[in-house]
Amino acid sequence: MSATIGDGLVCGLEDDGLYTPPIKEHSLRKIRAHNYYVRLFTTAMKNKWPQRVYLGLYSGSGRARVSGTNEIVPTTAISALQVPDPFTKYIFVDNNPDCIAALEARIGALGGDYDVSLINKNVSEAVPAIIEEMPLFSKGRGLLSFCFVDPFSAELDFSILKQLGGRYRMDFLVLLMLGRDVRTNFRRYLEDENDTRIAKLIDDANWRDEWTARGYRANNVVRFMLEKFDEAMKGVGYRPARPDDAHPIRLLEKNKNVLLYYLVLYSKHPLAQTFWNATRLGLDEQLTLL
């Protein structure tokens, strides 16, 4: 594969000897969606906001090796640095020291004059460190931020988004692991009242009561989760996202069409939805050319 105009993803990089974890082919679709949106966002905002921050939660090492092809590709952290109109500040958070060390080396190899902060912490404990690295802002020195939330499971604490979204003008692109994790393990999460994974994800400790009261069945899990997460985001002042606005990433191989996760965008400004619509349309057009 080669680079495409909209997402800037280049496959087939040479091995630089640094930590390069494996990813599945479907992760390329996630990276492309991220890249497409980020390019639209930062180019449109470059002359409107003097300070523009990119925040990557669960940022990874900057490169990955695609299982099956062994190709090496830049992941979202490095891709965000290589947009035509860079952000003025980058903050990357990951709990894996190997990821942080590799990302630091790869950023250094880019040779650009980037303002970057790397935080080697569990994301759920990183908010104070993130706030410390965020630029100061004022009426004459505005600050607009974009945060990509890319967890490996549904074990995401909504309080992180609540704290950051309540403090900053920040758009979120969130990976919700509703297929691979939530739908697969839902019965266990439902029956084990000591399990707080769902409660933390949707910011509702009493979600089991609502699920039971509605008389829902297994085929309602994904829609219920999308609705509850949307409700939590609206509680922080974000514009609602229609279920159809959630971008599904599916396993498409060997006659399989299995939902893995969704990418969902949240903003307090309607222009972000225009960018997201353009991103999804652009991705569809790319797929027809492959």
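Two strands count as paired if DSSP finds at least two bridges between them. Helices (H or I, at least four residues) and strands (E, at least two) are DSSP runs, numbered from the N terminus. This is a predicted model, in which local features need pLDDT of at least 70 and side-chain atom pairs count only at pLDDT 80 or more, while totals for chains, interfaces and linings use all residues. Residues are numbered from 1 along each chain as its sequence is written, and side-chain values use heavy atoms, with hydrogens and water left out.

**View A. An open sheet of three strands.** The strand order is β1-β3-β4, and the pairing is mixed. Because β1 (22-23) and β4 (72-74) are edge strands with a single partner each, one side of each has no neighbour in the sheet. Strand β3 (residues 63-66) runs antiparallel to β4, with three bridges. R63 lies opposite P74 of β4.

**View B. The largest nonpolar core.** A nonpolar core is a set of buried (under 20% relative accessible area, 1.4 Å probe, protein chains only) Ala, Val, Leu, Ile, Met, Phe, Trp, Tyr and Cys residues joined through side-chain atoms within 4.5 Å. This core has 53 residues, and L57 and F172 have the most contacts inside it. Helix α9 (residues 221-234) contributes the most, with eight residues. A second, separate core of 33 residues includes Y36, M45, A77 and F92.

**View C. Surroundings of F172.** Contact means heavy atoms within 4.5 Å. Leaving aside residues up to four places away in sequence, F172 touches residues including C147, V149, M233 and Y266.

**View D. Residues 1-5.** Here pLDDT (the predictor's confidence in each residue, from 0 to 100) stays under 50. The protein averages 93.

How values were computed. Buried means under 20% relative accessible area, exposed over 50%, partly exposed in between (1.4 Å probe, protein chains only).
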